[in-house]
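Open your viewer and keep the selection panel within reach. Each stop says what to select and what is there.

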Amino acid sequence: MDSPPSTSSPTSRLPEWAEIDASIKVPVLFFVYAAVAWLVTATILGFIAAVQWVQPAFLADYAWTTHGRIVPMARNALIYGWGFNAAFAVLIWMSARLCRAISPKWGFTLVGAVFWNAGVKLGLLGIMIGHSTGHFLLEMPGYAAALLFVSYGIVGASVVVLFSRCREGNLFVSQWYGLAALFWFPWLFTIGQAAVVFGDIRGTGQAVASAWYGHNIYALFLAPIALGAIYYLLPKRLGRPIAGYTWASLGFWSFALFATFGGLAFLAGTPVPGWVQALGVSANFMMLVPLFIIGYNFLWTMFGGTAAGGSGPALRFIKFGAISFLAAGLLIKVFSAPQVYVTTQLTFVSEAMNYVHWYAFVTMSFIGVIYFLVPRLVGQPWPSGALVTAHYWSSVVGVAIVVVTLILAGWVQGSAINNVEAYPAFADIASQYSGYLVGTVLGLLTLIVGQLAFFVNVLIALYQACFGKPESEIETLFPQPAALEVNP
Amino acid sequence: MNRGPYIFLGAFALLAFSWVAGIVANQAGYGSLTPHYDEMEQKSFPQPQPGIVARGATVYTDLGCAACHTQQVRRADLGGDLARGWGDRASVARDYLFDETVQLGTNRVGPDLRNVGSRYEDENVFYQILYAPDQALPGANKPAYRFLFEETKIVGERSDLALNVAVPEGYQVVPTERARSLVAYLSHLHDTYEYPETKFVPPAKEEETTEEEGE
């Protein structure tokens, strides 16, 4: 990276917060807009897929919208559309703020942002017209993957520049997670593409590689950035430091070490070598170590103090995300137990766990940061408090319904499949659990309602930022204007 | 350990470790896995796929059949797969040697298809299931794949592959090239050969506390 010649001179003056914000405002707001648009798209696609579980004839007449293509489109839109755009916004914002560094060329980042989104669109189009590679979270065809890779390089480089300008030698825990994730993704993506899409791994080695990659997109990219965001916002909004901060370092390294093998546990019982399955299951068991440490950091920070603590939408979403992270860790232990997975493996429970990881934890945490950063970047509070409340409650209720109904459906499905005496004909099984899936459809509908509220709020906020009215005329969400103060 | 360069090096080492342990070590094992040559039959197993079968596998992939169908038969102590007649034996790694894209699947909305070729002798049954699943498999939670078929005017004789469905006089519904490949692939799905590694697996129960439970 070439840095501009003048600003890197060793001036002792720290940049003002307003300067930092101005230097990242355009790309971060673009990422937020794109992310939320993708979130709505992904959930609508997920909704269509869920309707097809209940009504298989729905949109089945065209190859473009057949269930087998809608499912990977929904998944990729959620991960690469929403997840990555939101992660970029969070990463750039946190890095600039925590490093107290000015981004030298925001136009550069914006180019990367535009091409990333073009790449995701191209990838989804590729799946739609039948170019899917058929590997979990690597479905997007090679031509889209190439575009994603290059544009990630552009965005990633601009974050590296922020880190290289850090004024502090010691990094805060959020920065460890962010910096590590920043480098992990391109390596992961290269390995995944090389092994599965372009490589010639034969046989079930493909299944191992794609399970490894698919889980690590969560464990080594989305989850670290979401954890970093929680570590960043909890002390800021609650006004007290992270409890047991000295342990956070061990939490970070042990999380990365054990979470990276978690995907292999999904292969238990499949025709892959026994030691691969054992590695996955035992890594999931060892996840108790980071879970205890991170849980201690989060829970004691949230509930340990005697002071009343902060409030506001950002904190509510972040708290939900933090608790979901811990709940996800415990749930995965339950579903890794041999007595349980004999029933729940290869059922809707795997969809439920995706929603717990990707939605209840990662998505809710990212939304929390977006609620925090947008008012500070546009210099105005959120346009409508009612829409924020609607978004929060429909997200909480929606994701709870989706997860619970999918787990119930999966349990009934798995029990019925294993009980050959009671259900000799496979065709009789679907009617046993389809009632729960109707619940899933309603849960997704609830999520969509909340996301539309969020989208409208974001659009109005961005509109005001571009063609803004004076602040006083806007209905204010925050009871006291001090809540908006632009402090670290 | 909380300065940028250390984080970078640590992160790199960790991913390298994960890659070596998760993928490279596994691949080292698979690299030595070869088809098994049977002296008695003078053939090697699994057998290579004919061209139309390989083409059908790409149709299976691009339509995303794996969203609802698995292709793995689990051991008798890990569920009802064998009792359900989804295979004569549990699947082993060698079965998948010639699969261009291995799709084990994650959710059994539909039945396992690893040995579906042995369940329906007649290819026309597959066409019926794909064209009108509600008639071929009453109660099944399966969409129709009408876009894999076309309605053509009968020129000369009616096609052998024409489906017995209601169409205007002088017309017929026939599978497209893609449908014929897909059905050739599905008919081909059948792992029967007993490899050395499948022969001596005890049926159930007494082996319960071996390998992977021993975390």
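The tour starts between the chains and then moves inside each of them.

This is a predicted model: local features need pLDDT of at least 70, side-chain atom pairs count only at pLDDT 80 or more, and totals for chains, interfaces and linings use all residues. Residues are numbered from 1 along each chain as its sequence is written, chains are lettered from A and ligands numbered from 1 in written order, and side-chain values use heavy atoms, with hydrogens and water left out.

**Stop 1: the interface**

Select chain A and chain B together. Here 71 residues of chain B are in contact with 84 residues of chain A; contact means heavy atoms within 4.5 Å. The area buried between them is about 6,400 Å². Buried area is the accessible area (1.4 Å probe) lost when two parts are put together, summed over both. Carbon and sulfur atoms give 64% of that area. Now pick B:Leu14, B:Leu15 and B:Arg84. In chain B these lose the most area to chain A, together 11% of what that side buries.

**Stop 2**

Show the side chains of A:Arg69 and B:Asp62. They meet in a salt bridge, N to O at 2.5 Å.

Helix 1 (4–31) and helix 2 (51–62) of chain B each supply at least two residues of the side that touches chain A. Helix 1 of chain B gives the largest share, 20 residues.

**Stop 3: a strand pair in chain B**

Select residues 149–153 and 171–175 of chain B. These are strand 3 and strand 4, paired in the antiparallel sense over five bridges. Strands are DSSP runs of E, at least two residues, and two strands pair if DSSP finds at least two bridges between them. B:Tyr171 in strand 4 is the bridge partner of B:Lys153. Four of the five residues of strand 4 are buried, meaning under 20% relative accessible area (1.4 Å probe, protein chains only).

**Stop 4: A:Thr109**

Centre on A:Thr109, in helix 3 (residues 106–128) of chain A. Is A:Thr109 buried or exposed? A:Thr109 is buried, at 2% relative accessible area. Its contacts beyond four places in sequence include A:Pro27, A:Phe31 and A:Val155.

Conventions: Salt bridge = Lys/Arg side-chain N within 4 Å of Asp/Glu carboxyl O. Buried < 20%, exposed > 50% of the residue type's maximum accessible area, 1.4 Å probe, protein only.
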